[in-house]
Amino acid sequence: MNKFRIGFGYDVHQLKEGYDFWLGGIKLEHEKGAVGHSDADVLIHVICDALLGAANLRDIGYHFSDQDPQFKGIDSKILLAEVMLLIRDAGFEVGNLDTTICLQLPKVNPHIPTMKICLAEVMNISENDISIKATTTEKLGFVGRQEGVSAYCTALIYSV
Ligand SMILES: [Zn+2]
């Protein structure tokens with residue numbers, strides 16, 4: 001019988017003018033972008049953390065330190081591909097992911113189909129197994145003030 005495991009990921013990045021805004025593996029056109037050691041793709045980071053957590057393999061910062069210059073400005077899709085190798089090496093396959101992005105602006109919904117195609121390709125899983133949802137926070141808090149973006153992910157993995 002397959003063993004099923006679940007994991008959870010949460011992450012925040014600051015939004016500032018003069019930075020690119022990478023989200024879900026694609027670049028959004030916006031006057032602000034996300035700040036971080038890597039390309040600061042908050043959606044990919046929570047997916048990585050949920051998968052690593054499900055496999056009990058620590059977290060993204062453990063594997064890809066933000067003190068390590070080799071990860072400076074790195075495309076988070078590369079980190080996600082590495083995480084998939086770790087998950088599969090540990091004997092697991094991905095069941096499904098469910099994610100939520102919290103962002104006031106820009107509107108994420110029109111970009112979700114493209115993000116799903118991009119992430120499915122990086123992870124080598126079906127688009128049907130990747131759910132991406134988006135919400136504003138009704139102009140409340142740091143997300144509502146457009147100072148940051150946050151995201152959540154739950155992941156199911158199973159032993160193969
Ligand atoms: Zn992050």
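A: Along the sequence, the donor residues of the zinc ion follow the spacing D-x1-H-x31-H. D11 lies in strand β1 (residues 4-17) and H45 in helix α1 (residues 42-54), so this pair ties together parts that are 34 residues apart in sequence. Helices (H or I, at least four residues) and strands (E, at least two) are DSSP runs, numbered from the N terminus. The coordinating atoms are OD of D11, NE2 of H13 and ND1 of H45, at 2.0 Å. Donors here are N, O and S atoms within 2.8 Å of the metal (3.2 Å for Na, K and Ca); water is not among the atoms, so sites may look incomplete.

The model is predicted: local features need pLDDT of at least 70 and side-chain atom pairs count only at pLDDT 80 or more, whereas totals for chains, interfaces and linings use all residues. Residues are numbered from 1 along each chain as its sequence is written, and side-chain values use heavy atoms, with hydrogens and water left out.

Both D11 and H45 are buried, a term that means under 20% relative accessible area, with exposed over 50% and partly exposed in between (1.4 Å probe, protein chains only). S150, in strand β7 (residues 148-159), is also buried, with a relative accessible area of 4%. Contact means heavy atoms within 4.5 Å.

Strand β1 is joined to β7 by eleven bridges, and the two run antiparallel; G9 has C153 as its bridge partner in β7. Four bridges link β1 to strand β4 (residues 32-35), again antiparallel, and L15 is partnered there by A34. Two strands count as paired if DSSP finds at least two bridges between them.

These strands belong to an open sheet of five, in the order β4-β1-β7-β5-β6, with mixed pairing. Because β4 and β6 (130-135) stand at the edges with a single partner strand each, one side of each is left without a neighbour in the sheet. Neighbouring strands are turned by 25° against each other on average, direction ignored. Across β5 and β6 lies helix α4 (residues 112-123), running at about 145° to β6. Axes are lines fitted to C-alpha atoms, for helices over the stretch in contact, and angles run from 0 to 180 degrees between N-to-C directions.
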